[in-house]
Amino acid sequence: MTTDKDSRPPRLARVARWTDDRLAASRFVRSALDKIFPDHWSFMLGEIAMYSFVVLLLTGTYLTFFFVPSLRDVVYQGPYAPLRGVHMTEAYKSTIDISFSVRAGLVMRQIHHWAAIVFIGAILVHVCRVFFTGAFRRPRELNWIVGVAMLVLAIVNGFAGYSLPDDLLSGTGLRVAYSIILSVPVVGTWSAFLIFGGAYPASSIISRLFVVHILIVPALIVGLLTAHLAIMWHQKHTQFGGRGRTEDNVVGSPLWPSYAAKSVGLFSITAAVLAALGGLAQVNPIWIYGPYTPAQVSSASQPDWYMGWLDGALRVWPNVEIRLFHHTVGNTFFPGVLLPGITFTLLALWPFLEARFTGDHEPHHLLDRPRDRPFRTAMGVAALTFYVVLFAAAGTDVLAVYLHISENAIIWTFRALALGLPPITAWVAHRLCRELAASKAGKRQPPNIIVRTPDGGYDARPSAPLRTDSGIEPEPTPLSERG
Amino acid sequence: MTEPQPGRRPEQLIALGFIVAIVAALALAGVYLSGGQAQAEGVLLALALGGLGFGITAWGKYLMPQGPYIQAREELTSTPEERRAFGAAFERGEAAFGRRALLRRLLAGAAGALGLALVFPIRSLGPNPGRSLVATSWRRGSRMVDLDGKLLRADTLEVGGVATVFPEGHTDAADSQVLLIRASDAPIVTRPGRETWSPRGNLAYSKICTHAGCPVGLYQQQTQQLLCPCHQSLFDVLRGAKPVFGPAPRSLPQLPIAVDDSGYLVAQGDFTEPVGPSFWNRR
């Protein structure tokens with residue numbers, strides 16, 4: 001028995017050989033397993049976004065088995081007593097059922113919502129990492145644009161998703177979205193009617209949003225994500241400077257097994273955090289908001305966080321609109337269409353704009369430290385300041401209530417901050433970059449140990465050098481030489 | 001009594017992570033089978049995934065080859081020969097297409113015509129806006145009803161009271177929602193020409209904000225102002241709901257109302273201007 005087993009190759013090897021006889025994949029797979037990935041904590045941000053997306057797909061698929069995208073009127077008779085006997089749409093009722101009647105439904109729904117919140121947050125932080133380290137420079141401009149497209153799609157899908165339950169809060173959000181579409185010059189009225197299927201509230205919007213949310217946008221994101229990863233794979237990852245790291249090499253750990261293990265581990269930990277949030281932190285409790293009716297709205301209506309900057313922009317934009325030749329360009333066009341249009345266009349074009357400013361058209365694989373590029377860092381800080389101010393402006397009503405200040409004073413404060421604060425933070429960032437670059441700060445020194453001497457004085461002695469310091473980082477070697 | 005071998009401790013920790021994952025996963029199945037409980041499910045799933053993630057990550061970090069390893073980065077641009085070869089290959093087709101200009105133009109025409117024809121089905125997605133944005137369901141003599149369908153009289157509301165009202169038989173017409181405010185006991189002239197619009201101090205305004213279409217629901221009697229809770233536009237009730245603060249660019253349209261022979265509040269006609277937010281072909 002043992003001899004028989006020993007004489008034949010192990011089962012895995014036989015499967016591998018059978019496959020290779022048909023696909024001749026050995027060379028490609030081997031080079032893939034040997035591929036080197038640079039290690040840095042900030043390179044995990046994009047992975048967190050990707051793994052949140054995987055969680056979104058898994059939990060979202062589960063939810064589609066129970067959600068009914070219909071505006072048909074039904075009367076609730078389920079276990080949640082406060083809503084018993086209330087008229088509502090099937091979309092709202094099925095979401096209530098997922099929350100209270102489907103076993104494991106509530107935790108799935110909340111993990112899904114949290115995953116969306118984290119997904120867009122992780123993309124944003126990932127974009128900041130890529131921006132401030134200059135990872136978008138040649139040859140990675142295309143992947144930057146693919147990434148910006150995914151950010152836009154993620155925001156659109158987040159909005160579509162939380163609009164599906166047809167609760168009072170999201171219905172108000174849809175009403176605002178409809179008004180913004182109406183305001184677009186020339187095509188606005190027709191677009192709103194074609195998208196919503198008629199004047200608001202039209203009966204087809206939830207079923208259409210459902211198709212957008214579960215099929216069209218996810219398919220686009222999957223396609224773009226595949227392209228994003230394939231381009232990254234082909235171009236190889238950027239890396240920070242350090243011992244043995246040059247423009248012509250990649251230093252890090254091999255895909256198989258070290259990087260694969262760490263990445264699978266990161267997926268599990270991301271999913272674990274989302275599961276903990278989904279179980280313990282209530283999110284979007286639509287049973288409190290109640291079903292949507294066009295004539296009602298609750299006070300303190302705020303959208304999900306990633307829509308906050310647009311809501312804030314709607315609030316601080318002055319009450320002007322353009323009327324010419326018997327036509328109107330509505331007020332909401334400027335903060336609701338023009339602002340995001342300009343935002344994402346400038347974001348997508350940044351690599352080309354920067355190359356033009358700096359005249360630097362060379363390929364780069366080594367990353368910048370933000371301090372070494374004061375202009376770019378200052379621009380990024382100014383932009384972030386602007387959008388954070390707009391985001392905070394989405395809470396003007398809440399701030400007015402809590403701080404006992406008049407709404408007028410708060411709106412004017414935010415108008416001033418939106419225009420005045422970005423130049424100030426940009427100047428501060430620029431200054432800090434210059435001073436940090438000139439000083440030795442940030443080059444990590446081993447900590448000093450303060451020792452009291454026998455005669456009562458104090459003496460500072462440097463401790464043993466840190467293992468991670470570049471000074472004692474081992475010299476990188478080719479993979480094959482280490483066996 | 002020797003010190004533990006280097007490498008024993010990570011192994012123990014990794015094993016602990018996997019054991020936590022096994023226990024939590026089994027407990028998760030148990031919670032589901034015994035009826036389910038959202039918080040417990042979330043925590044146990046987090047523990048199962050967290051134990052797994054911790055174990056695999058630590059395995060990768062402490063017990064697998066770390067390097068650092070080095071790999072050459074190949075030039076990303078193609079060589080001049082490759083580019084020339086590509087150019088030659090492409091020219092093969094370019095020549096074949098380029099030579100027959102008539103066929104090429106007809107091909108472009110066919111593709112364009114097909115593309116154009118395929119645009120038309122988009123039209124089926126929605127109706128022609130027509131006059132739907134400029135007219136509501138209010139007619140001359142439409143009686144006012146509240147959300148429950150009850151008719152209103154001029155004294156149904158106390159002074160300072162408000163109600164959301166619709167034209168009778170159209171309580172589902174979202175564009176016809178009106179906020180009825182009993183601002184006073186005597187008629188109020190909010191604008192010249194609106195002398196007869198407010199029987200016994202009842203004012204009727206479109207409830208749809210002229211900014212982004214939210215229902216303008218908050219009435220402050222002391223200041224006689226209406227507040228939109230979405231973006232905080234403020235309207236002056238006594239001056240024709242003129243916007244006094246916030247992003248709303250226009251007044252809320254006022255509905256001319258009267259009292260009919262039976263004492264019920266009725267509309268004198270439809271709004272004299274479109275309700276709700278602006279749109280392109282709004283004059």
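Predicted model: local features only at pLDDT ≥ 70, side-chain atom pairs only at ≥ 80, totals over all residues.
1. Helix 6 of chain A covers residues 105-132, and its 28 residues reach 40 Å from first C-alpha to last, close to the 40 Å expected at 1.5 Å a residue. That expected span is 1.5 Å times one less than the number of residues. Helices here are DSSP runs of H or I with at least four residues, strands are E runs of at least two, and both are numbered from the N terminus.

2. Residues are numbered from 1 along each chain as its sequence is written, with chains lettered from A and ligands numbered from 1 in the order in which they are written.

3. Helix 6 of chain A is mostly covered, with 22 of its 28 residues buried (20 or more other C-beta atoms within 10 Å of the residue's own; exposed is 12 or fewer, partly exposed in between, with C-beta atoms placed from the backbone). The largest nonpolar core has 154 residues, and those with the most contacts inside it include Ala115(A), Phe119(A) and Leu180(B). Helix 6 of chain A gives the most to this core, 16 residues. Such a core is a set of buried Ala, Val, Leu, Ile, Met, Phe, Trp, Tyr and Cys residues joined through C-beta atoms within 7 Å.

4. Leu274(A) is also on that list of most-contacted core residues. Beyond its neighbours within four places in sequence, Leu274(A) is in contact with Ser52(A), Val55(A), Ile111(A), Trp114(A), Ala115(A) and Val118(A) (contact: C-beta atoms, placed from the backbone, within 7 Å).

5. On to the interface: 83 residues of chain A are in contact with 65 residues of chain B. Helix 11 of chain A, residues 255-280, supplies the largest share of the chain A side, 16 residues. That side divides into 42 nonpolar, 31 polar and ten charged residues (nonpolar: Ala, Val, Leu, Ile, Met, Phe, Trp, Tyr, Cys and Pro; charged: Asp, Glu, Lys and Arg; polar: the others, Gly among them).

6. An open four-stranded sheet draws on both chains, in the order 1(A)-4(A)-1(B)-9(A) with mixed pairing; two strands pair if DSSP finds at least two bridges between them. Strand 4 of chain A and strand 1 of chain B are antiparallel over four bridges, whereas strand 9 of chain A joins strand 1 of chain B in parallel through two bridges. Tyr69(B) stands opposite Gly252(A) and also opposite Thr477(A). Strand 1 and strand 9 of chain A are the edges, each pairing on one side only.

7. Strand 4 of chain B (residues 178-182) has five of its five residues buried. Val178(B), Leu180(B) and Arg182(B) point one way, Leu179(B) and Ile181(B) the other. Its antiparallel partners are strand 3 of chain B, through four bridges, and strand 5 of chain B, through five. Ala163(B) stands opposite Leu180(B), and Tyr205(B) opposite Leu179(B).

8. Strand 7 of chain A (residues 448-452) is hardly covered, with a buried count of zero among its five residues. Five bridges join strand 7 to the antiparallel strand 8 of chain A, with Ile449(A) partnered by Arg461(A). Five residues lie between the strands of this hairpin, where Gly456(A) takes a positive phi near 95°.

Key:
Contact = placed C-beta atoms within 7 Å.
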